[in-house]
Amino acid sequence: MKKKNDEKIIFFCNGKKCGKYNKDPKDYLKKKIVEFGLEDKVCVSKMDCQGMCKKAPVVCIQPKDVWKKEVSVKKAKKIFEKHIL
(Lines give C-alpha, C1' and ligand atoms only; values in the text may rest on other atoms or scores of the structure.)
Protein backbone atom coordinates (compact mmCIF):
# COMPACT_ATOMS: atom_id res chain seq x y z
CA MET A 1 0.00 0.00 0.00
CA LYS A 2 1.43 3.37 -1.01
CA LYS A 3 1.01 6.18 1.46
CA LYS A 4 0.87 9.85 0.58
CA ASN A 5 2.63 12.24 2.95
CA ASP A 6 -0.61 13.78 4.19
CA GLU A 7 -2.52 10.50 4.38
CA LYS A 8 -3.69 9.03 7.67
CA ILE A 9 -4.13 5.31 8.16
CA ILE A 10 -6.35 3.79 10.81
CA PHE A 11 -5.12 0.27 11.50
CA PHE A 12 -7.51 -2.17 13.17
CA CYS A 13 -5.98 -5.25 14.74
CA ASN A 14 -7.42 -8.24 12.93
CA GLY A 15 -6.42 -10.88 15.47
CA LYS A 16 -8.99 -13.42 16.61
CA LYS A 17 -10.40 -11.39 19.53
CA CYS A 18 -10.04 -7.90 18.02
CA GLY A 19 -11.58 -9.11 14.76
CA LYS A 20 -14.57 -10.33 16.74
CA TYR A 21 -15.21 -6.90 18.30
CA ASN A 22 -14.00 -4.32 15.78
CA LYS A 23 -16.84 -4.39 13.20
CA ASP A 24 -19.01 -1.61 14.67
CA PRO A 25 -16.22 0.92 15.36
CA LYS A 26 -14.62 0.15 11.99
CA ASP A 27 -17.94 0.64 10.18
CA TYR A 28 -18.50 3.90 12.06
CA LEU A 29 -15.11 5.30 11.03
CA LYS A 30 -15.52 4.23 7.40
CA LYS A 31 -18.93 5.93 7.32
CA LYS A 32 -17.53 9.18 8.79
CA ILE A 33 -14.61 9.18 6.34
CA VAL A 34 -17.07 9.04 3.43
CA GLU A 35 -19.47 11.52 5.05
CA PHE A 36 -16.68 14.10 5.37
CA GLY A 37 -15.21 13.36 1.91
CA LEU A 38 -11.88 12.19 3.32
CA GLU A 39 -11.45 9.06 1.20
CA ASP A 40 -8.28 10.48 -0.41
CA LYS A 41 -6.75 11.44 2.94
CA VAL A 42 -7.72 8.61 5.31
CA CYS A 43 -7.85 4.86 4.87
CA VAL A 44 -8.82 2.02 7.15
CA SER A 45 -6.63 -1.06 7.07
CA LYS A 46 -6.06 -4.33 8.91
CA MET A 47 -2.96 -5.15 10.92
CA ASP A 48 -1.81 -8.49 12.27
CA CYS A 49 -2.44 -9.46 15.88
CA GLN A 50 -0.65 -7.09 18.24
CA GLY A 51 -0.77 -9.39 21.26
CA MET A 52 -3.03 -7.06 23.23
CA CYS A 53 -6.03 -9.37 23.16
CA LYS A 54 -7.18 -8.42 26.66
CA LYS A 55 -7.63 -4.84 25.39
CA ALA A 56 -9.55 -5.74 22.21
CA PRO A 57 -10.25 -4.16 19.86
CA VAL A 58 -6.98 -2.31 19.35
CA VAL A 59 -6.51 0.55 16.87
CA CYS A 60 -3.39 2.41 15.71
CA ILE A 61 -3.58 5.77 13.93
CA GLN A 62 -0.63 6.62 11.70
CA PRO A 63 1.50 8.59 10.99
CA LYS A 64 1.38 9.86 14.59
CA ASP A 65 1.64 6.36 16.12
CA VAL A 66 -1.42 6.80 18.37
CA TRP A 67 -2.63 3.56 19.95
CA LYS A 68 -6.14 3.09 21.36
CA LYS A 69 -7.51 0.05 23.16
CA GLU A 70 -11.02 -1.27 23.84
CA VAL A 71 -12.33 0.83 20.94
CA SER A 72 -16.10 1.08 20.95
CA VAL A 73 -18.22 3.24 18.64
CA LYS A 74 -18.10 5.93 21.34
CA LYS A 75 -14.28 5.83 21.35
CA ALA A 76 -14.25 5.70 17.53
CA LYS A 77 -16.20 8.98 17.54
CA LYS A 78 -13.54 10.58 19.76
CA ILE A 79 -10.76 9.17 17.57
CA PHE A 80 -12.38 10.68 14.48
CA GLU A 81 -12.87 14.08 16.10
CA LYS A 82 -9.41 14.28 17.65
CA HIS A 83 -7.12 12.51 15.16
CA ILE A 84 -8.85 12.57 11.77
CA LEU A 85 -10.62 15.93 11.43
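In which helix is Lys17 found? In this predicted model, Lys17 is found in helix H1, and the legends below start from the patch to which this lysine belongs.

**View 1. The positive surface patch, formed by lysines including Lys17.** The patch is formed by Lys16, Lys17, Lys20, Lys54, Lys55, Lys68, Lys69, Lys74, Lys75, Lys78 and Lys82. Two elements, helix H1 (16-21) and helix H3 (73-84), each give two or more residues to this positive patch, and H3 gives the most, with four residues. Lys17, which is found in helix H1, has a relative accessible area of 38% and is therefore partly exposed.

**View 2. The aromatic pair of Phe36 and Phe80.** A search of the whole structure finds one aromatic pair. The ring centres of Phe36 and Phe80 are 5.2 Å apart and the ring planes are at 55 degrees, so the pair is described as tilted. Because Phe36 lies in the loop between helix H2 (23-35) and strand S2 (42-47), whereas Phe80 lies in helix H3, the pair ties together parts that are 44 residues apart in sequence. As for accessibility, Phe36 is partly exposed, with a relative accessible area of 41%, while Phe80, at 2% relative accessibility, counts as buried.

**View 3. The salt bridge between Asp27 and Lys23 in helix H2.** The count of salt bridges in the model comes to two, and one of them joins the side chains of Asp27 and Lys23, with an N to O distance of 2.5 Å. Asp27 and Lys23 are four residues apart in helix H2, so about one helical turn separates them. Asp27 counts as partly exposed, at 34% relative accessibility, whereas Lys23 is exposed, because its relative accessible area of 52% is over the cut-off of 50%.

**View 4. The salt bridge between Glu35 and Lys32 in helix H2.** The side chains of Glu35 and Lys32 meet in a salt bridge, with an N to O distance of 3.2 Å. Side chains of opposite charge can pair when their charged atoms come close. Because Glu35 and Lys32 are three residues apart in helix H2, they are separated by about one helical turn. Glu35 counts as partly exposed, at 48% relative accessibility, whereas Lys32 has a relative accessible area of 15%, which is under the cut-off of 20%, and is therefore buried.

Notes
Residues numbered from 1 in each chain as written. Predicted model: local features only at pLDDT ≥ 70, side-chain atom pairs only at ≥ 80, totals over all residues. Heavy atoms only, no water. Patch = residues over 30% accessible without salt bridge, like charges linked within 9 Å, V, L, I, M, F, W, Y side chains within 5 Å. Areas by Shrake-Rupley, 256 points an atom, 1.4 Å probe, with all protein chains shown as cover. Salt bridge = Lys/Arg side-chain N within 4 Å of Asp/Glu carboxyl O. Lys, Arg positive; Asp, Glu negative; His and termini not counted. Charge placed at Lys NZ, Arg CZ, Asp CG, Glu CD. Buried < 20%, exposed > 50% of the residue type's maximum accessible area, 1.4 Å probe, protein only. Phe/Tyr/Trp six-rings, centres within 6.5 Å; stacked < 30°, edge-to-face > 60°.
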